[in-house]
Amino acid sequence: MHTPTPSTLRNAPFGADELAAARTDLTTGINRIFAASAMSASGHGNISVRLPGHDNLLAVNAGELLRPWPASDLRVGLPALRTVNDEVVVVDLDGEVRYGAPSPSVAAILKMHVGVYRTRRDVNAVIHTHSPHATSYALASVSLPARYEALLVHGQAVDVPVAPWAPRGTAEAVRTIAETYQAHPQTYGVLLGNHGLLVAGDDAKHAASLVVAIEEAAESSLGALALGGVTPFPDHVKDLDLRLRF
């Protein structure tokens, strides 16, 4: 695990303990999604959390979510074996990097994450994935119906809307995502048209759990189409509070 030395944080507006806490949140979220097999085969995605005690700073994965096992590890002979990458960068809500060095792929999506936090001041984590079944809905530009109880349990009591496609990392993409959240203030999840899934949450654990629930809902809903489609909840569900607080 990467442990920052005092010299690497000398000019940073936060301490090593705060960065370590954010790194733990990030890796917890990443592990939860991969453990549930809610990721695409490529493993591509990105995750961010607010830095503890600094609402205007975000910790974001610096590169790919997974990396090969160290060469010193005896299991390195297994070519498919990878471990969670705990390298992070810190950015402010203007998208300026304050610590670390993002990969080109991550640098391109920093403003997407920043845009969600600027739009949704109530969230503390954001995760982007290409979860296969959820991405099927994104490719079709079809909202995912909130008909699966696990969605309600994790706070997604409304259909997951679709943000229109725009080129990855562009100002247009940031704007369309922000506008979708503004138009659907009760949603945590947004399907990215022709691209994938974006989920905000109270923390990384919540966001990761909702990614898993959305992927399960998408897979089950597609399966239900062969049986006549999904069945809506009874009307009185709106009067129930099924949300679990973790």
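How many cavities of 30 Å³ or more does the count come to? The count comes to two. A cavity here is a set of points on a 1 Å grid over the protein atoms alone where a 1.4 Å probe fits but cannot get out. Grid points are joined across faces, edges and corners, and a volume is the space filled by probe spheres set on the points.

The model is predicted: local features need pLDDT of at least 70, side-chain atom pairs count only at pLDDT 80 or more, and totals for chains, interfaces and linings use all residues. Residues are numbered from 1 along each chain as its sequence is written, and side-chain values use heavy atoms, without hydrogens and water.

Start with the largest cavity. Its volume is about 140 Å³. Lining residues, those with an atom within 4 Å of a point, number 15 here. Nearest its centre lie Ala166, Ala173, Ile177, Leu192 and His195. Helix 6 (residues 171–183) gives the most to this lining, with three residues.

The second largest cavity has a volume of about 30 Å³. Among the residues lining it are His44, Asn61, Glu64 and Ser103. Strand 1 (45–51) and helix 2 (104–107) each supply at least two lining residues. Helices (H or I, at least four residues) and strands (E, at least two) are DSSP runs, numbered from the N terminus.

Now turn to the largest pocket. A pocket is an open set with protein on both sides within 12 Å along at least five of seven lines. About 340 Å³ of space lies in the largest one. It is lined by 16 residues, and Leu152, Ala157, Val158, Val237 and Lys238 are the closest to its centre.
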